[in-house]
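Hi,

Here is the structure I promised to pass on to you.

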Amino acid sequence: MTAELALLGVVLGPLAQALLTVILARPPGMRDVVFVSLSLFTAACAWRLLQAAAAGEAARIALVQPLPNVDLALAVEPFAALTAAVIAVCSVLHALHTVGLMRVTREPAPVRLMVFIALCVGAVMAVAFSANLFTLFVANQALTLAAFPLVAHRGDAESAAAGRLFLATLLAASVGLFLPAMVWTYAIVGALDFQTGGVLAGRVDALTANALLVMFVVGLATTALPPLHRWLPAAAIAPPPALTTVQALAVVPAGGIGVFKVAAFVFGPALHEAAFATRSLIAVAGVGMCGAALIALSRQDMRERLAYSCIAQSLAVLLAVLLALPVGLFAGALQLTATIFASATLSMVVGSVAAVTTRQSAGDYTGLGRVMPWSLAAFALACASMIGMPPFSGAWAKLWLITGAASAGLTWAAALVGLAAILTFAHLGPLAANALAARAPPDPFHRPDGASIALVAPVVLSAAATLWLLIAADPLAAFLAPVWTPQP
Amino acid sequence: MIEDAIALARVHAPLLAVAAPIAGAALCIVTLNARFGWIIGVFASLISAAIATDLAARALVFGAPLRTAAEGVALVPDRLGAFAAGVVSVAALLAAIGAGARASASRDGALTIVLVLLSAAGWLAAAYTTNALVLMLGTEIAWLAGVGVVALGGEGKRTPLNAAARMLSVGAVGVAFSMVGLALIADATGTLSLSMLAENLSFDSQPFSVGFALVLGGVALKAGVAPFHLWVGAAFTRANAATLLAVGCVSAAGALLAIVRVVSYGVVAPEFGAAVFWALAPLGVACVVIGSVQAIGARDLRRLIAYALTAQMGGVMLCVSLGSPAGFAAGLIQITAIVGAGLALFGAATVSESYKVNDIDGLARRAPFSSAAFTFGAASLIGAPMTIGFLGRWRLVEAGVGVDWWWPVGAMTLASLAAVFYGGQLIERVYFRRAQEVQARSGDRWRYASFPALAAGVIVIALGLAPQALLAAADAAAMVAP
């Protein structure tokens, strides 16, 4: 398979997945096989693109050209290939978990849920492989529209309100800030293509750079940067598979990918021109991380607790890439990939627990590890990664993040990252420990047969993946180097 | 022989484009049969659209010189006029199909079709002339025909008659403004030829400026530009398909294009450019704000769409106030976007018989074609990528940033944010709400009437995906300006 074909496949695969899931909705067995198989196909395409990026292959496809010098295009570069591969692998596990969950919960509208999950994955793939700002903007809009039905899936008044908040926040930020920033960039540069070293480098004065950076970063509200973060806790109303898609696989990662691309390929060294904005945004992100972790501590509903925890992790990515250093970009990439695995594991376990035991409150998790050992062990591993405990993926990310912040002379930012890690420990550590170590509850299962293999296997594999940076951190640095090293 | 006939037709293209709907209207009057009249009306509009788009394509896309016979003093097209006529004629064709399909079943159907055709002819005449008096004459014919369409829309009920009376009163004020304005312009320059205004302008430009403002105000009033849109709410509240499509789309486009043309000739005089800017820029911002607020507050679907289009008109005013070729080109694209979205939304509302905003709840299940048209139109209003609405806003912001002028950027951002609210609401209702029992009975009806809505929706998307020809045409048309 050529890289171009794989590039097309990684975006069209999920679309075909959505379409075939609708067409082959009955019998459910056929639907489930198609759903999982096509997520495997997408993962295979993503894997091929990872190989292509490692081999230095250049692949770019332009779909349409709606404006002069601006096309809707996808391109392979190492960061995109890495994040797409991680998301695609997670999507396979999530597809399997979704299938298991649908059977346990007897979800009334499984096809709709599966279709929009697939569409979200397709959109986030387009975000990852976007070759220019315009494609990033379009893909982000598509992702928002595809995720909206997931948030409003239940159809009651509360879900509808959450859906409206989700849509209004993300679309308004995108149209109100990101779009004008994009047009402004076009007016300055005459094109919107991403470029190693940044298209704005040497072309903007300090005032313009500051304004553009704020507009781009705040315009990407999927990062959940305060005060545009309320959509994420509100979206916790969504059913578990949708929640995993929003928090771990598509929407939140898309924010991280977006800011990474803006920082690395639009600004590059021009971030130094925007010193005031970077410092301010780092401060907001740092304080936001701590605030979100603190609020998470006060939430008993596991879905809300995870939502706030997710905000803290997402803001860590933002903080890292705004350091305007290669080490910051590296830390950002590590943090993003680590968060995807950990967050996906946590939300899938929360979904499994809710489906099997009907427990959704943090207090009810006590002793559940005795009766759901595999799931809760995976939960504990993912918590450890989120906290940043060695040797899990999150630890390397946090280590590089703190190193990067200190290298940039921002010891206060490093301190905020450390504080956020402690607060994350406070809201996840005791929870995981109690779940594993405490005495088993007398009436654990709502369903007597417990969690099926389709619910257990994905979370165990996903949790195991949180260890992967232990062996991959060094090779990843070499793999990602082209992202911050302009080619001669 | 056919080639000779085509060549002859091309030489007299403006006259034929205007005469075709007039001839169609005459035939309708003779027959006075609504169904037969509709067929005639569609045929006449088709001929007119074919001629006008051929002229526009040859002149603007393929770069052929605009060589047509000067028919008396009236019809001497310029490139901007060719663009305007192309847009108006295609909109009129779709309006004739949609309006006529419904009118053919009504009591005053034939007369409605006659008035729709006359309205189109008036706007085409206004597009093809470079004489200010003829432009006003064409505008007035079109406006009065539109008033007639509104009056007939109620089939004897009082509300449309009251709306028509209000339009007549407001229009009378508008035409008074315009005529006084023309007199002042003629006094200042000694001519009413638009192309000769600049060279005849004396040092004392104050009467000219006042006259120009009055003319623009008169036309803006007919376009429904806020705050001169006093008639809009009344006219669209209980409007039928003919009113929505012919008045809400064709007339709006014709009037907006007339404004662009008048301003493009006016700003040739350098000392006058700044005055145009200060007249139109605040008007544009006010239009965006008022239209957006009214659209957000509207509960009547037709009013919501009308006010949403009014907000978009503010964007056109902002484009035009730039006074540069880039601004005019952006304005032309924006007008095309308004027409496309208007035809799609009004058409879909008519076909699905949706009158209140909550009538479209769950429409996707029972009326898929109308829902698609709603989606395309609303997406364009929002300025979603891959729609012509996005293209229009992009060009406006680009033109504004190009001259370090941030007003339009801010105003259009505001318009887009408001459009996210009301346009997003339409899409959300269509796909993600459940229909009430009463609504569940209605669905896609009137097969022929659904064509214009869908066609407009497809055009909105197609031009967003492949806009090269439109951009080239708009850029070429805008080069009339300095």
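**Where the two chains meet**

There is one salt bridge between chain A and chain B, a salt bridge being a side-chain nitrogen of Lys or Arg within 4 Å of a carboxyl oxygen of Asp or Glu. The partners are R164(A) and E428(B), with their closest N and O atoms 3.9 Å apart. On the chain A side, β1 (60-67), α5 (133-151) and α6 (157-189) each supply at least two of the residues that touch chain B. α6(A) gives the largest share of that side, twelve residues. Helices (H or I, at least four residues) and strands (E, at least two) are DSSP runs, numbered from the N terminus.

What kinds of residue make up the side of chain A that touches chain B? They divide into 21 nonpolar, four polar and one charged. Here Ala, Val, Leu, Ile, Met, Phe, Trp, Tyr, Cys and Pro count as nonpolar, Asp, Glu, Lys and Arg as charged, and the others, Gly among them, as polar. Counting both sides, the contact (heavy atoms within 4.5 Å) takes 26 residues from chain A and 23 residues from chain B. About 2100 Å² is buried between the chains, and carbon and sulfur atoms give 81% of that; buried area is the accessible area (1.4 Å probe) that two parts lose on being put together, summed over both.

Before you go further: this is a predicted model, where local features need pLDDT of at least 70 and side-chain atom pairs count only at pLDDT 80 or more, while totals for chains, interfaces and linings use all residues. Residues are numbered from 1 along each chain as its sequence is written, chains are lettered from A and ligands numbered from 1 in the order in which they are written, and side-chain values use heavy atoms, with hydrogens and water left out.

**Inside chain A**

Q335(A) is buried, at 1% relative accessible area (buried means under 20%, exposed over 50%, partly exposed in between, with a 1.4 Å probe and protein chains only). Its side chain makes a polar contact of 2.8 Å with that of Q313(A) and another of 3.5 Å with that of K398(A). A polar contact is a pair of N or O atoms within 3.5 Å; within protein, one must be able to donate a hydrogen and the other to accept it, and residues adjacent in sequence count only if both atoms are side-chain atoms.

Over all chains the count is zero disulfides. C45(A) is buried at 0% relative accessibility, and C383(A) is buried at 1%.

The peptide bond from P226(A) to P227(A) is cis, with omega near 10°. In chain B, the bond from A226(B) to P227(B) is cis too, with omega near 5°. Also look at A324(A), which has a positive phi of about 60° although it is not a glycine. A324(A) sits in the loop between α12 (302-321) and α13, and T358(A), in the loop between α13 and α14 (368-371), has a positive phi near 60°.

Definitions and conventions: Disulfide = S-S within 2.5 Å.
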